Amino acid sequence: MVQESGSATRESRLKLYKTTLLLAYQSFGVVYGDLCTSPIYVYKSTFSGSLQLYEEDNEIFGVLSLVFWTLTIIPLCKYIIFVLGADDNGEGGTFALYSLLCRRSKMGFLQSSHIENGFLSAQDSSVPTKETTTNLLIKEYFKKRHSSRVVLLLVVLLGTSMVIGDGILTPTMSDYTVAIACVVLVGLFALQHFGTHRVGFLFAPILLAWLLCLGGVGIYNIFHWNPGVINSLSPYYIYKFFQKAGKNGWRSLGGIFLCVTGAEAMFADLGHFSKLSLRIAFTVIVYPCLVLAYMGEAAYLSKHKDDLQSSFYKAVPEEIFWPVFLIATLATVVGSQAIISATFSLISQSRALGCFPRVKIVHTSNNIHGQIYIPEVNWLLMLLCLAVVSGFRDTAMIANAYGLAVVIVMFVTTLLMFLVISTVWNRNVLWAFLFVLVFGFVELCYFSACIANVDEGGWLSLVVSLLILTLMSTWHYGTSKKLAFELENKVSLDSLLTLGSNMGIARVPGICLVYSDVTSGAPPMFAHFVTNFPAFHQILIFVTLQSLMVPKVPECERFQIARIGPAEFSLFQCIVRYGYRDVRDSHDLETHLIENILRFLKCQGHSIEMAIREPTENGESGTRKVRFRINLEANNEVGEVMEAKEAGVAYMISKTSVRASGASSFVKKFAINIVYGFLRRNSRSPATALGIPPTSLIEVGMVYRV
C-alpha cells in the first residue's frame with residue numbers, strides 16, 4: 001500500500017510539472033508579447049526628443065542602467081516576487097485585490113450579507129489571523145468612513161478602466177502603414193474566439209524564436225562592439241546620466257518606461273495560467289533575454305551614435321537581418337495578445353461583481369476556467385483600435401498615451417498592495433510602507449515624466465479610461481439603486497401567504513421560476529402580477545442569483561434552498577451562488593434547480609423515536625433511544641414536483657426601468673436616466689443571459705423611481 005501511495009504521489013507530481021511547463025510555454029504566446037517587443041522602440045523613443053542633444057557614452061549607458069534597474073525592480077521584484085503572491089485563489093488583477101479586501105477586511109461595497117459563510121472563510125484559512133493594532137485601526141477607519149470606501153472603489157475602477165484602455169491602445173503600437181495595421185488588427189481579433197490555449201500554442205513559437213533572436217543578437221553585439229558595457233549596469237551611471245542631461249533626462253523617462261509596458265499583464269492574466277508557470281517563464285527566459293538585448297543595443301550604439309533613431313534594426317547583423325525582421329514583424333502582432341486576454345479577465349470579474357453590463361462570456365478551456373472569450377468586447381475593442389490607428393497615425397503620440405495608462409495601473413496596484421499587505425496578510429505596516437516607498441517612488445518618477453506629455457498624446461489614455469470609468473461606476477450605481485429599491489419594497493413572507501389565502505389564488509399545473517434580487521420574501525413585481533392575475537403555478541420557486549467576492553463556489557455550496565410557509569403552499573426560496581470565475585451554464589440551471597429541490601424534499605420529513613433494549617458491558621439489560629427519520633410526506637411532494645415538471649416550466653422576470661425621482665439633482669438624473677438607461681437598453685437582457693426560451697417567459701414591466 002505504501003509503495004502504491006508513493007507511486008501515485010510521483011505520478012501526481014509529474015502531472016503537475018508537465019502542466020506547469022505546458023502553461024509556461026503557452027504564456028509566451030499570451031502574456032509576454034508586449035513586454036518582449038519593447039526593445040524595438042525603447043531607445044528610439046528615449047532619444048527622439050530633447051535628449052537628441054545628449055548622445056554620448058554617459059547618456060547611452062545611463063539609459064541602459066535605467067532600463068536594467070526598471071526591469072529588475074518592477075517586473076521581477078514587484079510582480080514576480082510580491083504581486084503574484086496576492087492572487088485571489090488563482091485570479092489576478094485589480095478586482096482580485098479588491099475581492100481580498102472586501103472579503104477579509106470588509107473595506108468594500110461589493111461584499112454581501114452572506115459573506116461570513118463557512119466556505120468563504122475556509123478559502124482564507126492559510127492567511128495569518130493575528131492582527132496588529134495598526135491593522136485594526138486601518139479596518140476601523142474604512143468601516144466608519146463611507147467616503148473612504150467610495151474612494152477605494154473608484155481607485156479600483158480607475159485601475160480596471162486603465163487596463164481596458166490599454167486593450168485599445170496596445171494593438172495600435174506598430175510601425176505598419178495604416179492599411180497594413182488595420183488588416184493585422186482584424187486578423188488578430190478574429191483569432192480570439194479560438195481561446196487562450198489555442199492562441200497560446202499558435203503564438204508561443206513566435207515569441208520563443210523572438211526571445212532567442214534578442215538574446216543571441218545581444219550577446220553578439222556585446223562581445224563584438226563593447227564588452228565593457230556590462231559595467232554600465234551600475235546605478236552610478238544613472239547618477240551621471242541625470243547630472244549631464246538634467247531636465248531633458250527627466251523628460252526622457254517616458255520613453256525609458258516603455259521597457260516595462262506589458263508587465264502588469266502578468267498579474268491581470270494570472271487566471272489564464274498559474275503563478276509558478278509565469279515565474280518560470282519570466283525568470284528563466286524572458287528577463288535574461290531582455291537584459292542581453294538592451295545591453296547589446298547599448299554596446300552597438302556606443303560605437304554608432306548616428307544610428308540612435310533606428311538603432312534596433314541597425315544593430316542586427318546584415319547576415320540575419322531579414323529573418324530577424326520577419327520574426328519581429330510577427331512578434332509585434334503577438335505583443336497585443338497579453339492585454340486583450342487581460343481585458344477579457346477584468347471585464348468578466350467586473351460583470352460578475354455588478355460593475356459592468358451583462359455580456360456573453362465563453363469559457364474556452366475545460367481545465368483552466370479563467371481562459372475566456374467575450375465576443376461583444378472583442379469586436380468592440382477591434383473597432384476602437386481601428387479608430388485609433390486611423391485617427392492617430394503618429395505612433396509617438398500613441399506611445400505617450402500608452403505609457404501614461406500603464407504607469408497609472410501599476411501605481412494603483414501598489415496602493416492596493418499596501419492594504420493587502422497590512423490588512424489581508426496581517427504584516428507589520430512598516431513592511432507595507434516599505435513596499436510603497438520602493439515601488440511607488442519608482443512609478444511616481446515615471447508618472448511625473450509621462451504626465452508632462454499629456455498634450456502630446458497622453459490625453460488620449462485619460463479620455464478613454466475616464467469614459468470607461470464613468471460607464472462602470474454608473475452601472476454599479478444604477479444596479480445598486482435598483483437593488484436597494486427592491487429590498488425596501490419587497491413583499492414579506494407573511495404578507496405573501498396572506499395574499500395567497502385572501503385572494504384564493506388558483507394553482508395551475510407546472511413550475512414557475514421567479515427570478516429576483518430579493519433573498520427573502522417576494523419581489524415587488526410578483527405581488528403586482530398576482531394582484532392583476534390571481535392564478536399561478538402548482539410549484540413556485542423564487543430564485544436569486546448571487547455573485548460572491550470569491551473566484552469559485554464549491555458545487556456543494558452552490559444552492560441554498562428553504563421552504564416558504566406550510567408544505568401545502570409549495571413555495572420555495574432558492575439562492576444560487578457564484579464566484580466571479582464560475583462557469584454560469586444557463587441551460588443547465590433549471591435542471592440543477594429542480595434536482596436540488598428534490599434532494600431538499602427527500603431530506604425533509606418526520607422523525608420518530610423508539611426505545612430498544614440491549615445488554616450493557618456488565619451483562620445487564622439497558623434501554624437506548626434511537627431516532628428514525630421516515631419520509632412520509634416527502635415522497636408525495638417529490639411526486640408532485642415531478643408531475644409539475646412534466647406539465648412545463650415557466651419563468652417570471654421583471655423588465656425594469658430605473659428612473660431618477662423628480663427631486664433628484666441634475667447629476668443623478670443624467671447618470672440614471674441617460675447613462676444607465678443607455679447601458680441597460682444596449683446590454684444583454686436578463687432573459688437572454690439566463691437562456692430562457694421566449695415561449696415560456698413572463699415579463700413584468702416595472703418602473704422604479706430612485
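Leaving aside its neighbours within four places in sequence, which residues is threonine 160 in contact with? I will come back to that residue in a moment, after a few words about the model itself.

What we have here is a predicted model, in which local features need pLDDT of at least 70 and side-chain atom pairs count only at pLDDT 80 or more, while totals for chains, interfaces and linings use all residues. Residues are numbered from 1 along each chain as its sequence is written, and side-chain values use heavy atoms, with hydrogens and water left out.

Let me start with the whole protein. It has 28 helices and 10 strands, where helices (H or I, at least four residues) and strands (E, at least two) are DSSP runs numbered from the N terminus. Of its 706 residues, 53% count as buried, and buried here means under 20% relative accessible area, with exposed meaning over 50% and partly exposed lying in between, using a 1.4 Å probe and protein chains only. If we take the contacts with a separation of 6 or more, 82% of them are between residues 24 or more positions apart, a contact being heavy atoms within 4.5 Å. The protein exposes about 31,000 Å², and carbon and sulfur atoms supply 61% of that area; accessible areas come from the Shrake-Rupley method with a 1.4 Å probe, and for residues only the protein chains shown count as cover.

Now to the opening question. Threonine 160 is found in helix α8, which covers residues 146–169, and with a relative accessible area of 0% this threonine is buried. Apart from neighbours within four places in sequence, threonine 160 is in contact with Thr94, Phe95, Leu346, Ser350 and Met472.

Staying with α8, let us look at how helices pack. Two packed helices are described by the angle between their axes and the distance between the axes. The axes are lines fitted to C-alpha atoms, for helices over the stretch in contact, and the angles run from 0 to 180 degrees between N-to-C directions. Helix α8 packs with helix α19 (residues 375–391) at an angle of about 60°, their axes being 8 Å apart. That makes α8 oblique to α19, since angles under 35 degrees count as roughly parallel, over 145 as roughly antiparallel, 65 to 115 as roughly perpendicular and the rest as oblique. On the α8 side the contact is made by Ile164, Gly167, Ile168 and Leu169, and on the α19 side by Leu381, Leu384, Cys385 and Val388.

For a second pair, take helix α22 (residues 458–488) and helix α27 (residues 666–682), which pack at an angle of about 100° with their axes 9 Å apart. That makes α22 roughly perpendicular to α27. Among the residues making this contact are Leu471, Trp475 and Tyr477 of α22, together with Ile672, Val675 and Tyr676 of α27.

Next, the salt bridges. A salt bridge is a side-chain nitrogen of Lys or Arg within 4 Å of a carboxyl oxygen of Asp or Glu, and by this rule the count comes to 6. In one of them, the side chains of lysine 78 and glutamate 443 meet at 2.5 Å, N to O. This pair links distant parts of the chain, with lysine 78 in helix α4 (residues 57–82) and glutamate 443 in helix α21, 365 residues apart. Lysine 78 is buried at a relative accessible area of 0%, and glutamate 443 is likewise buried at 0%.

Arginine 577 forms a salt bridge with glutamate 557, the closest N and O atoms being 3.2 Å apart. Because arginine 577 lies in strand β6 (residues 571–578) and glutamate 557 in the loop between β4 (535–547) and β5 (559–564), the pair ties together parts that are 20 residues apart in sequence. Here arginine 577 is buried, with a relative accessible area of 1%, whereas glutamate 557 is partly exposed at 30%.

Finally, let us return to helix α21, which spans residues 429–451 and includes valine 438. Valine 438 is partly exposed, with a relative accessible area of 39%, and together with Trp431, Leu434 and Leu437 forms a nonpolar patch on the surface, with about 430 Å² of accessible area in total. Patches are made of residues with over 30% relative accessible area and no salt bridge, with like charges joined within 9 Å and nonpolar side chains (Val, Leu, Ile, Met, Phe, Trp, Tyr) within 5 Å.
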